[in-house]
Amino acid sequence: MNNTSKQKAKWRFGALMPLGAVLSGVVMAGEPAPSLHADSETVLEDVKVKAAQTPKPKRFKAETSTTGGKTEMAIRDIPQSVSVVTKELIQSQNAFNLRDALKNVSGLTIAAGEGGRTGDSITLRGFAANTDNYLDGVKENGQYNRDTFFIDKAEVLKGASSILFGRGATGGVINQVAKKPTGKTGVTGSFTYGSYDFKRTTIDAESAYQNLSARLNFLFQDSGSFRDYNNTERLGFAPSFRLKVDDDTSVDLSLLHQEEQGVFDYGVPIFRGKPADVPTNTYYGFTDNRLMETDTNVATVALNHRFNDDFSVKNTVRVGSYERNYLTHLFGTVTDTGATSTVARNQALRRNEQETVYNQTDFVFKKPLLGFNNTFMFGSEFGWENYDFKSKNSTGVSSISIFNPVLTSSSSGLATDFSGTLATDRYTKAQTYAGYVLDQFEITPEWKLLAGTRYDQFDAQQFDRIGTDSFSRSDSQWSPRSGLVWQPDKAQSYYFSYGTSFNPTAESLSISAANANLPPEQNQNFEIGAKYDLFGGRLAATAALFRLEKTNARTTDPNDSALSILAGEQRTDGFEFGLAGEVLPRWDMSMTYAYLDAQITKSTSTAVGTVSGLTKSFQGMNATNVPEHSGVVWNSYHITPEWEVGGGVFYASDRYADSVNEVTLPAYARLDAVVAYHQKHYDVQMNVFNLADTVYYESGQTRSALPGVPLSAQVTVNVKY
């Protein structure tokens, strides 16, 4: 382990852990024997037959969402595209990472972290959503790999949504809905073993006593990888408590701790505009020092109070602490000499510490107005964030052969601590103050209007300890939203919506002097869509046609290349379609498709193409990492109540990985399958990934591409009491 990392006690407990079992005894009381007179009637005791539980209908269909408004709303009432990945779909696919679960969302792609970014990196409708992660509706934007061990479902609201979430929210937001105490008592233990020595154990236990209920989710994972010299060790626990003070008041307390040790790995180098034709396990880093550690802690307290049947309030306070220590491994210039070609390697030791505090207050007033149903929502948000970032470059890192890499131990110039000359040393502070009003008014039983606005004050200060990137910036912004819904009957819902968002210069808590004096970028989303329930509500069909545009994107000042101006434009025109629910009894389906035409329509920025060697403008280029066509089809069929079979296809057309469209990631279709055996107290499930052993690349950037998983399998045993 790198000697710059803190000395931590090893938590390698071993992957095999006791899952536990609850034993129960049944006392049978004998009954007197019945009389055997000739005219007597003999009554036989009831015979109870125990079998596997009948599969829950509509396992992949969600009826409501908490992300489209400040209260739980029926999805058909939300005038915007909403995707919900249910826990049943997550379990069916063994989607242990949030990014794997989100592959079921149309218009969403997994991106490679730019500039050494680690953790979840998401693109929504052609725009980065790295800072648009939420947990139970409150910002949770640390950089780490989010696990699904404590998640009940994942919701994605698409389109500009700053009225609900403030800064960012350009292409949409990702909201994790955590598992919470239900008042029941039980425990579920799960153990998974798979290819590449993958081992994972989770426990979900809950209990209740009088007015207090509690739930604990625990995770331990120790796994190798199809990538050489890669491994992941992950530990997590998430306790949650609910205290019912009285019939109208409750307090929820939840904690999340997740720590991980792994490897910074962006995959294989780009060669002549495509991923190098090498085995997907090929690694190009050093054999010893492969540091990447994250430590995440999030505490949340939520107070719910109902003043009366019409008026309620929820106040949420969240405190987050995120720490990352990692050694980057980035590719540089390729020296093209055919089979003996080499690629330069750049390395840096980095550490960032992020602290966040948010207080969010939401009032909901439900009272008929003029004889029609009306829901009025208003509230405020206050937040403080601190971000400390240090980086030190390694020196003397040698180039390496692309097609015949010979790996060595650490070079003599490898950065091992933060003494000496640093490349970056910044401390950034940000403060958010916001208030909003939002009203859903039922004009007639068939027509509903949603309208409102939010006012944000966003202040940021950056202190550059070694350079000239210190600045102070204050921005204020109104973010309106409106939507009209027509519902001619209970099965049909059609809508039109308009929403806005803004991106201040310090949105990601880091900025260069070139952008310090720029006001926020502005975005707007126009969308028309339909939501239709089929087969008596068992299957939901959705469709949306939209335009999302950034009207004043940051671009290079043509009179001074060291500065930026707001003169660029980016636009995504798209169409989405989805099906979710029960096609036939015991046949569940989740299907999504997206067509995205994402382009930089105006820009003065340029870059040198890595293939042509020419300087090209960004203008007219497609947005990076956005396939024109993408989609997922996942099916699950219960042959009997005990036996389940299923599978699906994940598809993406080719897409560009660089800003001047000279680097291409090829199209792919990945086929997965699942077979499971269910009983009342246990399940056995086997998932097979990439049945055709297709070579594909999940994400990439100008110099690198990250391969997707090859043919592999996992077996999971669940024990339930």
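1. A nonpolar core is a set of buried Ala, Val, Leu, Ile, Met, Phe, Trp, Tyr and Cys residues joined through side-chain atoms within 4.5 Å. With that in hand, welcome to this structure, which is a predicted model. Its largest nonpolar core has 21 residues, and the members that touch the most others are V85, L102, L108, I122 and I174. As background, nonpolar side chains in soluble globular proteins tend to be buried together.

2. Where does this core come from? At least two residues each are supplied by the helices α1 (87–93) and α2 (98–101) and by the strands β4 (108–110), β5 (122–124), β9 (151–158) and β35 (629–638).

3. Leaving aside residues up to four places away in sequence, I174 touches L98, L102, L108, I122, L124, A129, D132, N133, Y134, E155 and V156.

4. Now for the backbone. Most residues other than glycine have a negative phi. A169 has a positive one, near 55°, and sits in the loop between α3 (162–165) and β10 (172–178). Is A169 buried or exposed? A169 counts as buried because its relative accessible area is 0%, and the cut-off for buried is under 20%.

5. Y196 is also not a glycine, and its phi is positive, about 60°. You will find Y196 in the loop between β11 (186–194) and β12 (198–209). Its relative accessibility is 37%, so Y196 counts as partly exposed.

Methods. Residues numbered from 1 in each chain as written. Predicted model: local features only at pLDDT ≥ 70, side-chain atom pairs only at ≥ 80, totals over all residues. Heavy atoms only, no water. Buried < 20%, exposed > 50% of the residue type's maximum accessible area, 1.4 Å probe, protein only. Helix = DSSP H or I, 4+ residues; strand = E, 2+ residues; numbered from the N terminus. Contact = heavy atoms within 4.5 Å.
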